[in-house]
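Colleague: Hi! Could you walk me through this one before I set anything up?
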Amino acid sequence: TDSNVSDEQVHASLNRIKKQITRGSHWGYTAVENEVPVGLILVDVEEGAFFVDNLYVAPDHRRKGVGEALMRHVLQELQKHNVEEVDYMTYRFADGL
């Protein structure tokens, strides 16, 4: 994990993501390199609206196109569902997890 993020924070975040996935209202994709997950993206689906709920890239894989590839994949999937507009926002504090 990133040295600025405690194991407790990692476990809390993973538990929150697992709960979201089991609700059945999320799509999730994982970026994998050499059979090791290096990034993930979760998209929340609510009443026909789509929101990027989580986008995470492992610290040693950042700025290498992993996040962009995940976003492009999600956008391609949304096009299949005739989604014409996507809004999102980012938060600087999300840098650690």
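This is a predicted model: local features need pLDDT of at least 70, side-chain atom pairs count only at pLDDT 80 or more; totals for chains, interfaces and linings use all residues.
What follows is a short chat about the fold, a pocket and some individual residues.

Colleague: Good to know. How many helices and strands does the protein chain have?

Modeller: The protein chain has 2 helices and 3 strands. Going along the sequence, they come in the pattern α-β-β-β-α.

Colleague: And what share of the residues is buried?

Modeller: Of the 97 residues in the protein chain, 30% are buried. The exposed surface comes to about 7400 Å², and 49% of that area is supplied by carbon and sulfur atoms.

Colleague: Let's switch to pockets. How much space lies in the second largest pocket?

Modeller: About 180 Å³. Its lining consists of Thr30, Val36, Pro37, Val38, Gly39, Leu40, Tyr56, Ala58, Asp60 and His61.

Colleague: Which element gives the most to that lining?

Modeller: Strand 2, which spans residues 36-46, gives the most, with 5 residues.

Colleague: And how do the lining residues divide into nonpolar, polar and charged?

Modeller: There are 6 nonpolar residues, 3 polar ones and 1 charged one in the lining of the second largest pocket.

Colleague: Nice. Now strand 3. Where is asparagine 54, and is it buried or exposed?

Modeller: Asparagine 54 is in strand 3, residues 49-57. Its relative accessible area is 13%, which is under the 20% cut-off, so asparagine 54 counts as buried.

Colleague: What does the side chain of asparagine 54 make a polar contact with?

Modeller: With the side chain of aspartate 53, at 3.4 Å.

Colleague: What is phenylalanine 51 in contact with, leaving aside neighbours within four places in sequence?

Modeller: Leu42, Val43, Asp44 and Glu46.

Colleague: Changing topic: where is histidine 73 found?

Modeller: Histidine 73 is in helix 2, residues 66-80. The residue is partly exposed, at 31% relative accessible area. From C-alpha to C-alpha, histidine 73 and isoleucine 41 are 9.7 Å apart in space, while in sequence they are 32 residues apart.

Colleague: And past that helix, where does tyrosine 88 have its place?

Modeller: Tyrosine 88 sits in the segment after helix 2. Its relative accessibility is 61%, which is over the 50% limit, so tyrosine 88 counts as exposed. The C-alpha atoms of tyrosine 88 and valine 52 are separated by 6.7 Å, and the two residues are 36 residues apart along the chain.

Colleague: What about glutamate 85, buried or exposed?

Modeller: Glutamate 85 counts as exposed, at 60% relative accessibility. This residue is also in the segment after helix 2. Between the C-alpha atoms of glutamate 85 and leucine 75 there are 9.7 Å, and along the chain these residues are 10 residues apart.

Colleague: Last topic, the backbone. What is phi of asparagine 34?

Modeller: Near 55°, a positive value in a residue other than glycine. Most residues other than glycine have a negative phi. Asparagine 34 lies in the loop between strand 1 (26-33) and strand 2, and at 69% relative accessibility asparagine 34 counts as exposed.

Colleague: And phi of glutamate 35, what is that near?

Modeller: Phi of glutamate 35 is near 65°, again a positive value in a residue other than glycine. Glutamate 35 is in the loop between strand 1 and strand 2, and this residue counts as exposed, with 79% relative accessibility.

Colleague: Great, thanks for the tour!

Terms used:
Residues are numbered from 1 along each chain as its sequence is written. Side-chain values use heavy atoms; hydrogens and water are left out. Helices (H or I, at least four residues) and strands (E, at least two) are DSSP runs, numbered from the N terminus. Buried means under 20% relative accessible area, exposed over 50%, partly exposed in between (1.4 Å probe, protein chains only). Accessible areas come from the Shrake-Rupley method with a 1.4 Å probe; for residues, only the protein chains shown count as cover. On a 1 Å grid over the protein atoms alone, a cavity is a set of points where a 1.4 Å probe fits but cannot get out, and a pocket is an open set with protein on both sides within 12 Å along at least five of seven lines; lining residues have an atom within 4 Å of a point. Grid points are joined across faces, edges and corners, and a volume is the space filled by probe spheres set on the points. Ala, Val, Leu, Ile, Met, Phe, Trp, Tyr, Cys and Pro count as nonpolar, Asp, Glu, Lys and Arg as charged, and the others, Gly among them, as polar. A polar contact is a pair of N or O atoms within 3.5 Å; within protein, one must be able to donate a hydrogen and the other to accept it, and residues adjacent in sequence count only if both atoms are side-chain atoms. Contact means heavy atoms within 4.5 Å.
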